[in-house]
Structure formats: structure tokens, C-alpha cells
Amino acid sequence: MKPLVVIGFLGSTLDAGKFGPTRWNKWRPSVAIAMHEDLRVDRFVLIHGKQHYRLADQVAADIASVSPETEVDQRLLGFDDPWEFEEVYGKLLDFARDYPFDPDKEDYLIHITTGTHVLQICLFLLTEARFLPGRLLQTQPAKKMDGNFPGRLSTIDLDLSRYDSLASRFAVQMAEGSSFLKSGIETKNKAFNALIDEIEQVGGRSKAPILLTGPTGAGKSRLARRIFELKKLKHQVSGSFVEVNCATLRGDSAMSALFGHTKGAFTGAASERAGLLRTADKGMLFLDEIGELGADEQAMILRAIEEKRFLPVGADKEVDSEFQLIAGSNKDLSAAVANGTFRDDLLARLNLWTFALPSLVDRKEDIEPNLEYELDRYAEREGNRVTFNKEARDRFLKFASSPSALWSGNFRDLAASVTRMATLSPEGRIGRETVDLEIMKLDRLWHGGKVAASDGLDNLINDEALDALDPFDLVQLAEVVRISRESKSMSEAGRTLFASSRKRRKTANDADRLKKYLARFGLSWAEISAET
């Protein structure tokens, strides 16, 4: 076993006793530690103040008498006021930094029973922060004193992962935090879930700036607000969430909007303006599209991040703002540094915690849970619950996950799509016809007016015939052709295409129905199957 070192304060009251044999009739915590037969103390670092030299000598002698193998290291550490937190913590921190700790060769117990409450709190904090690399030691007298009985002691290891019940509770809390950041959406993309888990840890333990990158519509703004709300739930911020799109800040007004101005600072400045940075004091500032800031604004933002101080426009005195920063960008800021449009020192300051949000097209397994989320948002916003029927839902999800679904606007496209379909379904059920019309709109949006659903028809129908088709028929025909090409026979294709309606018919000739449908467009099964 490694040598055991106890570090503790001399208790001016608890360790004191009359200088005579009667002192042994009293429980004295520092001496009692050395009396435990099952605790071999190799060295006792006894910290005391200037006025307690004599008591420290007596306690050291008594420890030596009950435990000759224990070396007592008396350390003078005087405080002008042992109840003044800043002084006590500062001197204890200096002690911790100067002490030759060697955790590989020694074990340490930090005794927190003696000393003022401020001393005990400071010892706890320094141990938790690992400036004192040991376990906490608490002692107390036995319930019934019996001569020199040493009382009881207990140790506390602040590595909470070693406590199964606490570790499980913290794991649950972390999972709840991650779910909160995802707005309760049960996302399935492993990379995205791992990203959110990391953000939850950083957001809960760091005040450093966070940089969120990713394409427009990937959810940077929503995630930034959720990080703020999570911090507020944990009482880590008390101010407001202030969001600004830097792309909207142009010219002289940019400085004024960010940093504020004094009355009369420029023509039209009829009154003082606090500015966004001061509005975010004790809260969070989200600078979206930070790459759009001008050079002067970047320089002032950098100083405000580092020093929490800045100069409003027209002022001759700096102001303070203790804000936490999240920045967002859909640009490659490293490339912007290379071409001289973004400061390298500002990027270095932002780049401590950078998280790249993937686009929706890279998270297609998350379209379904986000679809439900958008329906819930619509219900909250409009006071009207709308759902899909099964056929329509399956149709939309199949299209949403197909190669032709570009989702160039990411979650903004999905939100807009759900809003349109819900609005066009006054009876509260989104049907197949509504979904087909929405697919047509999305195709037009993503493919510049050319309906992408026609991609598979080019070799079957000439351009003149395609142009003559209504978009609704075009989408429907493309789906029929796609399923036909994936089927082994006309009968199998018919069963897939007419799966619901065939159950309501007394006789079902699905192949014949498909043959007649194709004939409307001058197509045959032989032509389609020849293309596979």
C-alpha cells in the first residue's frame, strides 16, 4: 500500500484541552485520527495559525504518543481573517500549488472536520477541483464516549462515477439534458446524437464561446436557444437570450446595434442606445452568420469576448457586459481567414468548441421524428391538431428519403412543407392527394421549375408529351413507373400499387388495372420492364 498522508487544520476549539492528563478525556479530532487501528497515517500535515503554536506543539506530541509511526508536519498558514473567503481560498490555493503532491506514490486524505466553515468549504472546493488530489475525511465522536475511543470517521471520494447510484442519476440527467437540446425529438442519427451529447457536456461545464457551423436551416438558431434555456434551468445564466443575424448589420449602424451609442454620438442619435452586447449581460448572445461582420466589428467583438469590456459609439468610458457567446456560421471561416475577410485571432478565440451541424439530407433517418415535431409545433401555433393517414404518411416519408429530395433549405423546408399540408387539410387528416401536391411543389422548389419526378420518364415519353402532362399526373405516373421497375411482374406491381383498394373489391385483377392505367399514357409493361 502507498503511504497515507492526512492534511488538516488544527482545531483551535475541538483540538484544544487543558495541558494535563485530563485532555485525554475529551475527543480531539486531529489526535483521534491517529488512534484508529485500521487507519495507518504515515504523515499528518497539521496546518495552524500564528497564535496557535503552543497548541499545535501539544497536538503534534499527542499524535506521536498514540501513533509513533506518524510523522507530523506542522505548517504555519496565518490568516488575518479566517472567515474571509477570498483570503482563505487564495492562501490555501497557494499552499496546494506549492505542496509536493505525488498521487502515484502517496494517498491523501483532506480532513474537513476542524477549522472555520469557510476553511472547510475552501478545502472542499480545492479537493473537488483536484488542486488537492485526495479524498475528503470527516470525523466525529462516538455516540457514547468510552475513554480514549477515537470516534468514527468516513471518507468521501469526489469522483462521483465511483458511486453507482449517483452515477446512474447523473447519466439520467445527462440524457435528459441531451433530449432537452433536441427539443424532445427522438433522433436516430448516431453522429448527430453523439454531437448533442458533447454539446450538453460543454454547455453545462464551460462558459467559453461556442461556434455552431452548418448550412442554412440546419438548426443552429434553435440549438443556440435550447443551450441558453438549458443553462437557465441550471441557474448558469440569469439574463436574456439575445439573437442577431450579422448579415443584417451593415455600415455605421452595425457598431451602434452591437455596442450601443451615446446621445448625440452621430446625426439622428437622439437618445442613448444600450446595444445588443449590454442587453445580453448575465445572459447569452447569439451572433448568427458571424462571418458577415466587418473588420472593425470583428476587432471590437474579440476584445468584448476576452475582456468583457467595450466602448459604445461616441463614449469616452468603457462599459461592462458579462455575456456568454454562441456564434453561428454557414461559411468556412478558415477559408475566410485565408482570403482576409475574417480575423484569425477571432477564429482562434471561437474555435475552442466548434460543432458542425449536419444537413437534413445527411440525417434522413431523422426526418420521421422531426415530422412529428413539426406537426406538434403546428398544433401549438394554430390550435388545431392535424395528422396523416397511413398511406399519405408512408408516401411522404418515402419521397422525403429518396435521392430526389434535396432538402436544400434543410429543416426550414420541412417545417414549411408540414405547414402547407396541415393548412390544406381542414378536416385534420392529411391525405394522399395533399401529399402528392406537396411533392410536386417541393420538386419545383428544388429543381428550378423542372419537376424532378420526370427524371425516370425521359426514355419512355418524349418531351412534347411530358410538357402536356399536368404536374399532378406527372408525379403519379413517375411513382407508378418506379414501383413497376422494382417489381418482378405486372401482377406484383399491381398488388403493391392497389394494396388498399383491392381489399374493397370482390375480384381483383391488379395487372389489368395497371395495364389500363399505363395505356392512358401510351405505355406498356414491356416498355417499362425493358428499362430495368
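1. A salt bridge here is a side-chain nitrogen of Lys or Arg within 4 Å of a carboxyl oxygen of Asp or Glu. The model is predicted: local features need pLDDT of at least 70, side-chain atom pairs count only at pLDDT 80 or more, and totals for chains, interfaces and linings use all residues. Residues are numbered from 1 along each chain as its sequence is written, and side-chain values use heavy atoms, with hydrogens and water left out.

2. The whole structure holds 30 salt bridges. Aspartate 320 and arginine 309 form one of them, at 2.3 Å from N to O. Aspartate 320 sits in strand β11 (residues 319-320) and arginine 309 in strand β10 (residues 309-310), eleven residues apart. Strands (E, at least two residues) and helices (H or I, at least four) are DSSP runs, numbered from the N terminus.

3. Arginine 395 bridges to aspartate 436, with the closest N and O atoms 3.2 Å apart. The pair links helix α14 (residues 390-400) to helix α16 (residues 432-446), 41 residues apart. Arginine 395 counts as buried because its relative accessibility is 8%. Aspartate 436 is buried too, at 4%. The classes are buried under 20% relative accessible area, exposed over 50%, and partly exposed in between (1.4 Å probe, protein chains only).

4. Lysine 234 and glutamate 200 form a salt bridge, also with closest N and O atoms 3.2 Å apart. Lysine 234 is in the loop between α7 (220-233) and β8, and glutamate 200 is in helix α6, so the bridge ties together parts 34 residues apart in sequence. Glutamate 200 is buried, at 6%. Lysine 234 is partly exposed, at 39%.

5. Now the sheet. Five strands form an open sheet in the order β8-β9-β12-β7-β13, with parallel pairing. Pairing requires at least two DSSP bridges between two strands. The edges are β8 (241-245) and β13 (353-356). Strand β7 (residues 210-213) pairs with β13 over four bridges. Within that pairing, leucine 211 has threonine 354 as its bridge partner.

6. Which residues form the nonpolar surface patch? They are Phe85, Ile121, Phe124 and Leu125, with about 320 Å² of accessible area together. Areas come from the Shrake-Rupley method with a 1.4 Å probe, and for residues only the protein chains shown count as cover. Patch members have over 30% relative accessible area and no salt bridge; like charges are joined within 9 Å, nonpolar side chains (Val, Leu, Ile, Met, Phe, Trp, Tyr) within 5 Å. Helix α4 (residues 117-128) gives the most, with three residues.
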